[in-house]
Amino acid sequence: MSHKFFLEVSELGKDFAPVAFGRGPVVRAVQNVSFNIRRGEVVGLVGESGSGKTTIGRMVAQLIEPTSGSIRFDGVETTSLTRRELRRMHARVQYIFQDPFASLSPRMTIGEILVEGLDIQRIGSKSERVAKAAQALASVDLPPDAISRYPHEFSGGQRQRIGIARALTLAPELIVADEPVSALDVSIQAQIVNLLRDLQMRLGLTMLFIAHDLAVVEYVADTVIVLYLGRIMEMAPSRELYASPQHPYTRALLSAVPSPDPSRHTARQILKGDIPSPANPPSGCVFRTRCPVAIEACAGAVPALREGAKGHFKACIRDDLD
Amino acid sequence: MSAEPILDISGLTTVFRIGDREIAAVRDLSLSVATGETVALVGESGSGKSVTSLSIMGLLPRGIGRIAAGTLRLRRKSGETVELQNIGGEALRRVRGNDIGMVFQEPLTSLNPVYTIGEQIAEPIRIHLGKSHREALSDAIERLEDVGIPDPSRRAGQYPHELSGGMRQRATIAMALACNPTLLIADEPTTALDVTIQAQILDLLGRLQKERGMGMLFVTHNLGVVAEIADRVVVMYAGSVVEIGSVARVFSRPRHPYTQGLMRSVPRLGTATLLKEAGTPLPTIAGSVPSLMNLPQGCPFAPRCPHRLEACEQAYPPLADAGEDQFSRCIRWQEI
Ligand SMILES: Nc1ncnc2c1ncn2[C@@H]1O[C@H](COP(=O)(O)OP(=O)(O)OP(=O)(O)O)[C@@H](O)[C@H]1O
Ligand SMILES: Nc1ncnc2c1ncn2[C@@H]1O[C@H](COP(=O)(O)OP(=O)(O)OP(=O)(O)O)[C@@H](O)[C@H]1O
Ligand code: SF4
Ligand SMILES: [Mg+2]
Ligand SMILES: [Mg+2]
């Protein structure tokens with residue numbers, strides 16, 4: 001591999017047209033987002049509802065087209081691919097959905113679900129496809145007899161395992177996992193997180209891991225990106241980000257997570273107000289309307305994403321905070 | 001247990017008719033909520049938390065679910081005590097929304113889309129407190145102010161869809177508090193909210209509860225939220241209370257293997273990096289929650305329990321007194 005990064009996202013933007021008869025403002029779902037992922041690296045995408053996580057994930061997985069910017073996948077620009085090239089690309093990037101219930105067709109057996117992607121890609125003979133499906137099932141610790149059963153016969157955690165197995169049959173290089181454990185109970189969540197982490201390391205997968213649970217992301221991701229209203233607020237190696245968050249939003253977000261350890265209760269920082277509408281984001285820094293340390297200059301220009309300590313980026317003009 | 005219970009539930013069993021069988025969704029549950037106390041009901045999906053709160057409020061689906069055993073005593077604002085399982089219809093409606101306030105996970109289920117926020121908060125005030133239309137509306141605006149809604153008189157004239165998720169949840173809290181209830185039942189009131197908005201609502205509920213000295217029964221599946229808001233915690237598993245006690249004790253020294261497993265498997269901020277770098281997997285609880293249709297014979301947690309003995313599978317364990325107001329439904333609570 002000649003190039004340094006497996007995935008290079010630069011100045012990515014996505015606008016959604018207004019729904020009602022083309023009137024009303026466009027939704028600026030993602031604005032000027034740039035980041036890179038090395039082969040075998042896991043990048044976590046965190047942020048509150050509507051911050052643009054899924055939209056970025058879907059653009060990276062080539063499921064929707066960006067409004068602006070570029071995505072280079074293994075050195076190849078993907079925003080100008082032909083149909084055929086796109087289909088081939090789809091085999092290399094797989095998407096795991098949040099809702100294991102909605103994402104599996106109820107009328108198909110698990111076996112049919114697992115070979116579907118191979119069928120579409122016309123990979124291997126029929127028996128080879130079945131063998132690949134069985135192998136994928138085993139890798140997510142489901143019994144072989146699952147292959148002839150239907151989704152409704154499985155629990156939520158098992159269905160999420162099936163979703164993961166489906167993503168693995170095509171031997172993808174990049175996986176976009178969109179809130180893969182959010183719908184699951186705590187005790188099952190940990191099982192799935194371990195499974196994903198284990199597969200990722202064993203198969204050397206590159207992964208974009210989307211979640212709003214900051215602790216789950218801390219366990220899975222090597223690098224974390226914090227989004228707010230479609231923009232990157234902070235980006236840093238996971239250890240750095242959690243140990244010394246730099247952006248006021250990241251600090252507030254971490255402080256808002258309730259801790260189950262009664263002894264660890266510190267004064268919580270509570271942000272005032274609501275998240276503004278992405279159809280009408282604030283000028284300058286999009287976080288300024290809720291930022292506890294905002295100053296007049298914050299309304300002026302959009303703060304650049306600047307590198308402080310090595311690999312630690314923040315988009316905030318206040319460098320005078322401790 | 002506590003000095004002045006507002007709510008005292010003893011031996012509650014709630015069953016659902018499924019086909020020609022009756023399945024116990026809540027089994028032999030006892031708990032009490034005192035004045036000024038917050039009790040959290042915590043457990044995974046399907047453990048019976050909502051069925052417990054619906055049983056208290058008399059909102060079980062007619063003809064499908066019913067209270068099969070137990071007493072649910074409520075001390076009303078008037079000081080009179082009623083047994084909720086015995087009263088029905090009109091009497092229950094006088095209690096609901098008046099002595100008991102309710103907040104649910106999805107604000108839109110408790111708000112009617114075609115009435116303004118102000119009208120909806122004023123309605124119970126007119127019905128239960130017998131105030132005039134105008135008085136009730138001005139009370140409603142006061143309640144909106146209490147829950148931190150800016151510009152309350154303008155908001156009172158708006159419809160639910162005109163408010164953000166967090167504001168709607170504030171409005172439903174204002175509605176629940178309209179008649180100054182002595183007991184607030186909040187079923188996952190912050191689950192659908194973002195974490196920074198959740199922090200606002202938890203702060204608000206905690207403050208209102210203290211100011212008003214209400215009892216609060218707070219249903220959640222989030223252990224962090226429990227630690228944040230509750231004095232005591234009731235841990236449920238497959239319809240049974242498996243552990244009960246003060247949050248400080250239960251969380252620092254759990255006496256049931258399920259609670260222990262849960263506490264271990266919650267990923268914690270700041271420690272996950274260490275685990276990851278050491279290559280240690282997150283601790284888990286093996287297997288999955290059993291179906292209520294075929295619960296194991298003895299301890300419902302036995303099939304997943306690392307401390308299981310043969311005796312565990314023979315009889316349903318009693319709630320054992322572990323001292324200091326902590327109880328565990330595990331026969332090995334002393335050894336684990
Ligand atoms: N197809 C669409 N049409 C119009 N607007 C959209 C569309 N998809 C997303 N949006 C808007 O774009 C913004 C970003 O949405 P996105 O789903 O990416 O957020 P998210 O961070 O994944 O949120 P969540 O945590 O709720 O999943 C939101 O304001 C959303 O309403
Ligand atoms: N209307 C109903 N008919 C039949 N069974 C029901 C009904 N409502 C609840 N149950 C059953 O009762 C059990 C307990 O459900 P409950 O809603 O109390 O769970 P919960 O602890 O609130 O879970 P969650 O975290 O998902 O809200 C479940 O197994 C459920 O299937
Ligand atoms: S740039 Fe200004 S408004 Fe934005 S987060 Fe930093 S201090 Fe706050
Ligand atoms: Mg999303
Ligand atoms: Mg519930």
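This is a predicted model: local features need pLDDT of at least 70, side-chain atom pairs count only at pLDDT 80 or more; totals for chains, interfaces and linings use all residues.
**The domains of chain B**

Begin by selecting residues 7–230 of chain B, which the domain assignment gives as domain 1, and then residues 241–328, given as domain 2. Their C-alpha centres lie 28 Å apart. The contact draws on 14 residues from domain 1 of chain B and 14 residues from domain 2 of chain B. Between these two domains about 1300 Å² is buried, and carbon and sulfur atoms give 68% of that area. On the domain 1 side, select B:R27, B:E44 and B:L223: these residues lose the most area to domain 2 of chain B, together accounting for 44% of what that side buries. How many salt bridges cross the interface of domain 1 and domain 2 of chain B? The rule finds 0 there.

**Where chain B meets chain A**

Next, display both chains together. Here 46 residues of chain B are in contact with 41 residues of chain A. The two chains bury about 3600 Å² between them, with 58% of it on carbon and sulfur atoms. In chain B, select B:T196, B:L269 and B:K276, the residues that lose the most area to chain A; together they make up 20% of what that side buries. The count of salt bridges between chain B and chain A is 3. For a salt bridge to inspect, select B:E277 and A:R239, whose closest N and O atoms are 2.6 Å apart.

**Around ligand 3**

Now centre the view on ligand 3. Of the 13 residues around this ligand, which come nearest? They are A:H247, A:C285, A:C291, A:C298 and A:C316. The shell around ligand 3 divides into 10 nonpolar, 1 polar and 2 charged residues. Among the nearest residues is A:C285; with a relative accessible area of 9%, A:C285 is buried, because the cut-off for that term is under 20%.

**The cysteines**

Is B:C299 buried or exposed? B:C299 is buried, as its relative accessible area is 10%.

Methods. Residues are numbered from 1 along each chain as its sequence is written. Chains are lettered from A and ligands numbered from 1 in the order in which they are written. Side-chain values use heavy atoms; hydrogens and water are left out. Buried means under 20% relative accessible area, exposed over 50%, partly exposed in between (1.4 Å probe, protein chains only). A residue is near a molecule or strand if one of its heavy atoms lies within 4 Å of it. Ala, Val, Leu, Ile, Met, Phe, Trp, Tyr, Cys and Pro count as nonpolar, Asp, Glu, Lys and Arg as charged, and the others, Gly among them, as polar. Domain bounds come from an automatic or database domain assignment. Contact means heavy atoms within 4.5 Å. Buried area is the accessible area (1.4 Å probe) that two parts lose on being put together, summed over both. A salt bridge is a side-chain nitrogen of Lys or Arg within 4 Å of a carboxyl oxygen of Asp or Glu.
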